[in-house]
Amino acid sequence: MQEEKEKYRRLAALLEKYHGKAGELINVLHKAQLIFGYLPQKVQICVADALGVPISEVYGVVTFYSLFNTEPRGKYRISVCLGTACYVKGAGSIMEALKENLKVDEGGTTKDGLFTLESARCVGACGLAPVVTINGNVHGRMTADDIPELLERYRKEAKE
Ligand code: FES
């Protein structure tokens, strides 16, 4: 709760700085997302009010740019590369193994808030296909059988 209050305090300071500056919408949304980790509706409304932009425009920007999230993300963001090189080497079965293990669909976050499952297009590591990145760390030449152990490693790390 205290942490939440602190986030809104930082948002208020940010919005004071950009008050009435509609042209700074993307910049302000980006900064607000850095504070909250995502952009809840309440935050979008605060931004709209402060910058003098209609909420529909804020919503349009947030949904248009994949950079913005409207749902909380997990501590670890797992991204399965579904680019051609990875796909032909079995990225589809890796995605399925992750969905099964984490019990979420693509785009979903696990109930414990630990993992968010996403897909990506080529991440530039085709030589290591198929590739899974976790918070940007590349795990190459993956198989569906490697998934339980990989996730276990991150679950342990989260407890430390
Ligand atoms: S296609 Fe997956 S890294 Fe290039």
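Residues are numbered from 1 along each chain as its sequence is written. Because the model is predicted, local features need pLDDT of at least 70 and side-chain atom pairs count only at pLDDT 80 or more, whereas totals for chains, interfaces and linings use all residues.

The protein chain holds seven helices and four strands, where helices (H or I, at least four residues) and strands (E, at least two) are DSSP runs numbered from the N terminus. Read from the N terminus on, these elements follow the order α-α-α-α-β-α-α-β-β-β-α. The chain is divided into domain 1 (2-64) and domain 2 (76-159), with bounds that come from an automatic or database domain assignment, and the C-alpha centres of the two domains lie 31 Å apart. Along its principal axes, the C-alpha trace spans about 50 × 35 × 20 Å. Of the 160 residues, 21% are buried; a residue is called buried if 20 or more other C-beta atoms lie within 10 Å of its own, exposed if 12 or fewer, and partly exposed in between, with C-beta atoms placed from the backbone. Among contacts in the protein chain with a separation of 6 or more, 62% join residues 24 or more positions apart, a contact being two residues whose C-beta atoms, placed from the backbone, lie within 7 Å.

In soluble globular proteins, nonpolar side chains tend to be buried together. Here a nonpolar core is a set of buried Ala, Val, Leu, Ile, Met, Phe, Trp, Tyr and Cys residues joined through C-beta atoms within 7 Å. The largest such core has 18 residues, of which I78, V80, A91, I94, L98, V131 and V132 touch the most other members. The elements β1 (76-81), α6, β2 and α7 (147-159) each give two or more residues to this core, and its largest share, six residues, comes from α6. Apart from this core lies another, of eleven residues, including V28, L29, V43 and V58. Returning to A91, this residue touches V80, C81, L82, C86 and P130 when residues up to four places away in sequence are not counted.

Helices α2 (residues 25-36) and α3 (residues 41-51) have axes that come within 11 Å and cross at roughly 145 degrees; axes are lines fitted to C-alpha atoms, for helices over the stretch in contact, and angles run from 0 to 180 degrees between N-to-C directions. The contact is made by L25, V28, L29, A32 and F36 of α2 together with V43, V47 and L51 of α3.

Most residues other than glycine have a negative phi, and most peptide bonds are trans. K103, in the loop between α6 (91-102) and β2, has a positive phi near 60 degrees although it is not a glycine, and K103 counts as exposed because it has 9 C-beta neighbours inside 10 Å. N135, in the loop between β3 and β4 (137-139), likewise has a positive phi, of about 50 degrees, and is exposed, with 11 other C-beta atoms within 10 Å. A cis peptide bond joins A129 and P130, with omega about -5 degrees, and P130 is placed in the loop between β2 (115-120) and β3 (132-134).
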